[in-house]
Amino acid sequence: MKKIRQISLVLGSATLLGMTGVANAQDLVVVSWGGAYTASQQKAYHDPFMAGNPGVNIINDDSAAEGISKLRAMNEAGNVTWALVDAVASDAIILCEEGLAEPVDHDALLAPAPDGTPASEDFGDLIVSDCFIPSIVYSTTFGYRTDLVKEPPTSIMDVFDLEKIPGKRSLEKRPIGNLEWALIADGVNPDEVYDVLDTEEGVDRAFAKLDTIRDEVIWWEKGAQTPQLLADGEVVIGSTYNGRLFSVIEEEKQPIAMMWDWQVFDLDGWIIPVGGPHREIVGEYLRFATDTQRLADQAKFISYGPARKSSAPLVGKHATLGIDMGPHMPTAPDNAKNTLLYNYVWWADRKDDLTERFNAWLAQ
Amino acid sequence: MNTGTAYPEIVKTADGIPLKVSLARAQRKSKIRGVLLVLPLFAFILLTFFVPIFDMLFRSIENQLVPEVMQNTSKLLVDWNDQSGKLPPEEVFAAAKLDFEKGHAERTILRVGRRLNYEVPGFASLFRKTARRAKDFEPPYQDAFIERDKRWGEIDTWRLIKRESGAFTISYYLAAMDLAYAPDGNVGMRSEKQRIYLKLFWRTLVLSALITFLCLILAYPIAHLLSTLPLRTSNLLMIMVLLPFWTSLLVRTTSWIALLQQEGVINDLLVGLGLLSDDGRLAMIHNATGTIIAMTHILLPFMVLPLYSIMKTIPPSYMRAAKNLGATPAVAFIRVYFPNTVSGIGAGCILVFIISIGYYITPALVGGTDGTLISNFIAYHMSISLNWGLAAALGVILLVIVLMLYYLYDRVVGIDKMKFA
């Protein structure tokens with residue numbers, strides 16, 4: 001059974017490879033999220049690296065959204081073709097625990113900061129897993145239509161206040177983030193959110209708060225949905241990734257503004273798949289692409305904050321718009337007055353049952 | 001009549017072999033050639049279609065992971081009576097220490113934690129916490145485990161491990177049918193707040209049936225028109241049926257969003273005409289209505305084409321003859337035309353129903369909360385939660401439902417009546 005399974009999987013992936021063209025010796029398949037995000041990596045990391053290493057050809061694969069499941073399938077087939085995968089922190093933790101990602105020695109692999117601070121200190125507690133090499137800090141936060149609200153929302157409470165902000169709002173179709181926001185809006189001390197959620201009553205309380213706006217919520221699954229819904233006037237306020245809001249506000253000049261209160265921080269970065277090809281070049285690439293200057297460079301193209309402390313002062317202007325990127329970073333002091341770094345460890349335990357409860361609640 | 005020829009002389013070929021044998025040989029050769037010709041296709045289908053599907057379905061009961069990684073513990077737990085009210089003996093804890101140590105080195109133990117976390121939340125962190133330190137545990141191991149985390153001192157923890165340490169499990173099927181084990185080991189319905197899948201199966205069947213019905217009543221007149229118009233006009237109309245069929249699914253779905261949303265074209269039009277007030281805009285998307293409209297549109301060609309190909313074969317003279325014999329147009333339609341199209345209706349309905357039962361992209365985009373289908377959850381468990389066992393169990397149940405309906409259809413209508421052309 002297992003043998004046949006392997007043969008068929010190998011044949012299956014061989015057919016796929018046949019269609020995309022077999023990667024040659026120096027082709028490096030780098031998996032990321034596609035769209036504006038991959039474009040920013042291309043300009044900040046891939047292009048300069050390939051310029052310095054003429055033999056290497058980086059091929060972008062935009063399947064990071066199905067990264068874990070595809071990696072698991074490749075691993076079972078014994079044929080991992082991806083050299084490097086971009087993953088959010090929670091996925092990186094799972095990949096590490098499932099033995100699908102390589103643990104790395106951050107100080108040995110990565111460049112120190114220009115002042116000599118070792119990488120592990122420069123990244124600090126953003127290294128949430130032994131296998132994870134953080135590159136950006138992004139946040140899930142709110143954008144609202146400046147022309148459709150009577151008075152601008154200023155706090156997370158307003159998202160749950162149908163009198164102050166009447167109309168539809170969009171929230172992500174998952175419990176993570178929403179339950180925390182519901183409790184904070186319900187008056188729970190933000191430091192105690194997870195203690196409250198640990199109890200059955202606390203979970204009930206969060207769902208009861210969500211109940212109050214349930215009929216006015218459009219639930220999104222893809223990051224591009226909220227910007228679209230806002231631009232169409234379908235919703236007056238909605239959550240999404242801050243980079244998406246930046247482009248709809250600054251690049252497309254829509255009448256939308258940011259509401260940063262209790263933005264939920266999350267991390268995105270690299271993992272090395274177990275059994276992946278070209279380990280040496282991958283090492284060189286990572287050392288280059290996660291150094292202080294390169295991380296700061298990425299912020300020229302997209303409004304996500306660099307994961308290294310030492311990169312923050314180097315963040316400059318947007319490459320084409322020429323606006324100062326500093327104030328658009330989720331980590332900028334004005335935006336980061338109230339922030340929540342969601343508790344990965346807590347969610348690793350509770351994601352399965354709370355997602356089921358969340359879906360059952362939605363289906364009621 | 002000559003009785004001597006009751007056993008006729010065996011006819012032989014020129015080289016003395018009986019004709020029958022020679023014929024059989026020649027036929028066998030061509031048969032083998034035939035088989036050889038389809039062999040590559042057969043092997044291809046077997047390896048790329050049946051094996052992966054059965055492999056996936058097999059995962060709904062497979063539970064190799066736990067007995068493999070917790071090899072020593074699971075063997076000893078067989079002899080432990082989980083109703084005794086006592087914790088397992090010290091040997092079990094010692095075996096667990098070995099398994100944790102080995103599983104930590106091989107990076108497999110946390111998979112077991114994640115697997116058991118599907119059953120009881122908290123096991124992922126329990127295993128993570130324990131695995132990190134297991135190699136430093138000193139005897140007595142029971143105390144060492146309980147000191148690390150007090151949950152190791154609870155009988156329910158060990159009951160769960162004992163229950164899930166067989167090579168096969170039914171817990172994925174229980175979860176897929178909104179059932180669960182109580183801590184004491186009895187199976188019961190899950191709490192009201194966790195129940196979801198039965199509702200979704202039912203919704204999937206109802207919405208699929210409704211979409212099939214809508215497709216039928218929309219497609220029937222179109223197909224009739226196509227089959228009776230002169231060729232040039234009908235070809236033009238056929239292109240209009242096929243054009244959306246060739247357009248990307250995402251483009252069509254997104255267009256429906258632009259049309260149906262509250263600030264969308266249709267609502268704007270109705271408000272502009274004064275039929276709706278600005279506050280009373282219709283909610284036609286991000287709910288079941290959106291799923292029904294968008295999927296009916298997308299699946300319509302699958303109904304039009306089989307109907308058209310059947311109607312094309314009905315000679316117009318039938319209807320003329322019926323009318324000639326005194327039937328009114330309605331009677332002629334009901335008694336002559338309609339019965340002739342039943343095979344096309346069967347084919348179209350089966351096609352549309354089966355496709356819509358497995359649809360997930362469109363419902364995900366336009367379905368909101370009450371328009372998502374069971375396949376959205378299968379997709380979720382495949383790619384996000386990674387609970388492939390549950391995804392497989394949901395898939396098997398869906399497959400069984402479809403096969404049952406197919407059987408029912410065969411008994412009522414007859415599958416041999418189904419014609420696509």
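**View 1. The largest nonpolar core, seen around helix 4 of chain A.** Of the 89 residues in the largest nonpolar core, those that touch the most other members are Leu84(A), Ala92(A), Leu95(A) and Ile271(A), a nonpolar core being a set of buried Ala, Val, Leu, Ile, Met, Phe, Trp, Tyr and Cys residues joined through C-beta atoms within 7 Å. Helix 4 of chain A gives the most to this core, with 6 residues; helices (H or I, at least four residues) and strands (E, at least two) are DSSP runs, numbered from the N terminus. Ala92(A), leaving aside its neighbours within four places in sequence, is in contact with Ala87(A), Ala101(A), Ser129(A), Cys131(A), Phe132(A), Gly269(A) and Ile271(A), where contact means that the C-beta atoms of two residues, placed from the backbone, lie within 7 Å. A second, separate core of 56 residues includes Ile257(B), Met295(B), Met303(B) and Phe353(B). In soluble globular proteins, nonpolar side chains tend to be buried together.

The model shown in every view is predicted, with local features needing pLDDT of at least 70 and side-chain atom pairs counting only at pLDDT 80 or more, while totals for chains, interfaces and linings use all residues. Residues are numbered from 1 along each chain as its sequence is written, and chains are lettered from A and ligands numbered from 1 in the order in which they are written.

View 2. Chain A is divided into domain 1 (2-131 + 272-328) and domain 2 (139-266 + 338-363), with bounds that come from an automatic or database domain assignment. The C-alpha centres of domain 1 of chain A and domain 2 of chain A lie 29 Å apart, and the contact takes 12 residues from domain 1 of chain A and 10 residues from domain 2 of chain A. On the side of domain 1 of chain A that touches domain 2 of chain A, helix 4 (residues 89-97) of chain A gives the most, with 3 residues. The residues of that side of domain 1 of chain A divide into 9 nonpolar, 3 polar and no charged, where Ala, Val, Leu, Ile, Met, Phe, Trp, Tyr, Cys and Pro count as nonpolar, Asp, Glu, Lys and Arg as charged, and the others, Gly among them, as polar.

View 3. A cis peptide bond, with omega of about -5 degrees, joins Pro139(B) and Pro140(B), and Pro140(B) is placed in the loop between helix 6 (123-133) and helix 7 (141-148) of chain B. His286(B), although not a glycine, has a positive phi of about 65 degrees and lies in the loop between helix 13 (265-272) and helix 14 (288-311) of chain B. His286(B) counts as buried because it has 27 C-beta neighbours inside 10 Å; a residue is buried if 20 or more other C-beta atoms lie within 10 Å of its own, exposed if 12 or fewer, and partly exposed in between. Leu386(B), also not a glycine, has a positive phi of about 65 degrees and lies in the loop between helix 18 (374-383) and helix 19 (388-412) of chain B, where its 19 C-beta neighbours inside 10 Å make it partly exposed.

**View 4. Helix 11 of chain B.** Of the 16 residues of helix 11 of chain B, the number buried is 0, so this helix lies largely in the open.
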